[in-house]
Amino acid sequence: MQPGTKLPNFSLENQYGERVTSQDLSTGRSIIVFYPWAFSRVCGGELAELQQHLPEFRDANVRLVAISVDHKFALRTYAEQEGFGFELLADFWPHGHVAELFDAFDAERGVARRVTMSVKDGVIQTRFESPLSEPREFQAYRTAIADPS
């Protein structure tokens with residue numbers, strides 16, 4: 001899944017059990033953030049930084065969603081505990097299927113890799129990632145938000 005590629009069809013539940021589909025993310029601008037594990041140190045730090053900068057996403061009319069292989073019930077607890085004001089999508093079953101569609105699945109570990117994609121009108125605009133043990137730099141998000149392509 002590289003820039004210029006159309007979003008694949010998918011449907012996942014968010015932390016409240018509401019369906020979010022590729023069609024929902026195909027109008028306007030979105031940032032899709034794949035991350036390995038809820039409740040982990042690096043992921044928690046990354047998502048907390050996204051929460052801290054959530055007004056920047058909203059001011060730019062960019063919908064932020066984060067996807068992991070965790071179950072929706074775990075994600076709801078995680079979102080409530082950490083105070084996340086954006087959607088966490090559960091790629092729980094079939095395990096990691098959506099991450100695989102986006103070429104963002106680590107089959108050896110059974111988790112999503114740290115891959116981020118900005119999307120405009122259903123087409124991937126940018127893609128960036130970092131190793132599992134390292135958070136992504138927030139400046140890459142700023143660049144994606146600032147580039148309406």
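**Exercise 1. Aromatic pairs**

Determine which residues are linked into a cluster by ring pairs in this predicted model, and state how many aromatic pairs the structure holds.

*Solution.* Ring pairs link F39, Y78, F84 and F86, and these residues form a cluster. The structure holds 9 aromatic pairs.

**Exercise 2. Geometry and setting of F34 and F102**

Classify the aromatic pair formed by F34 and F102, and explain what the pair ties together.

*Solution.* Step 1: the ring centres of F34 and F102 are 5.3 Å apart, and the angle between the planes is 50°. Step 2: planes under 30 degrees apart count as stacked and those over 60 as edge-to-face. The F34 and F102 pair is accordingly tilted. Step 3: F34 belongs to strand β3 (residues 29–34), while F102 sits in the loop between α4 (97–101) and β6 (105–106), so the pair ties together parts that are 68 residues apart in sequence. Step 4: a residue is buried if its relative accessible area is under 20%. F34 has a value of 0% and is buried; F102, with 0%, is buried too.

**Exercise 3. Geometry and setting of F57 and Y141**

Explain why the pair of F57 and Y141 has its geometric class, and locate both residues in the chain.

*Solution.* Step 1: the ring centres of F57 and Y141 lie 6.3 Å apart and the planes are at 70°; the pair is therefore edge-to-face. Step 2: F57 is in helix α2 (residues 54–59) and Y141 in helix α5 (residues 138–146), so that the pair links distant parts of the chain, 84 residues apart. Step 3: F57 is buried at a relative accessible area of 0%, and Y141 is buried at 2%.

**Exercise 4. The largest cavity**

State how many cavities of 30 Å³ or more the structure holds, and describe the lining of the largest cavity by element and by class.

*Solution.* Step 1: there are 2 cavities of 30 Å³ or more, and the largest has a volume of about 50 Å³. Step 2: its lining consists of R29, S30, I31, V62, S118, V119, K120, Q125, A144 and D147. Step 3: two or more of these lining residues come from each of β3 and β8 (114–120). Step 4: the lining of the largest cavity comprises 4 nonpolar, 3 polar and 3 charged residues.

**Exercise 5. The second largest cavity**

Identify the element that gives the largest share of the lining of the second largest cavity.

*Solution.* Step 1: the second largest cavity has a volume of about 30 Å³ and is lined by V33, E46, E49, L50, R136 and Y141. Step 2: helix α1 (residues 41–52) gives the largest share, 3 residues. Step 3: by class, this lining has 3 nonpolar, no polar and 3 charged residues.

**Exercise 6. Strand β5 and its partners**

*Solution.* A90 of β5 is the bridge partner of E13. Step 3: between β4 and β5 the chain passes through helix α3 (residues 72–82), in a β-α-β crossover that is right-handed.

Terms used: Residues are numbered from 1 along each chain as its sequence is written. This is a predicted model: local features need pLDDT of at least 70, side-chain atom pairs count only at pLDDT 80 or more; totals for chains, interfaces and linings use all residues. Side-chain values use heavy atoms; hydrogens and water are left out. Rings of Phe, Tyr and Trp (its six-membered ring) pair if their centres lie within 6.5 Å; planes under 30 degrees apart count as stacked, over 60 as edge-to-face and the rest as tilted. Helices (H or I, at least four residues) and strands (E, at least two) are DSSP runs, numbered from the N terminus. Buried means under 20% relative accessible area, exposed over 50%, partly exposed in between (1.4 Å probe, protein chains only). On a 1 Å grid over the protein atoms alone, a cavity is a set of points where a 1.4 Å probe fits but cannot get out, and a pocket is an open set with protein on both sides within 12 Å along at least five of seven lines; lining residues have an atom within 4 Å of a point. Grid points are joined across faces, edges and corners, and a volume is the space filled by probe spheres set on the points. Ala, Val, Leu, Ile, Met, Phe, Trp, Tyr, Cys and Pro count as nonpolar, Asp, Glu, Lys and Arg as charged, and the others, Gly among them, as polar. Two strands pair if DSSP finds at least two bridges between them. A crossover is right-handed if, with the strands pointing away from the viewer, the path from the first strand over the helix to the second runs clockwise.
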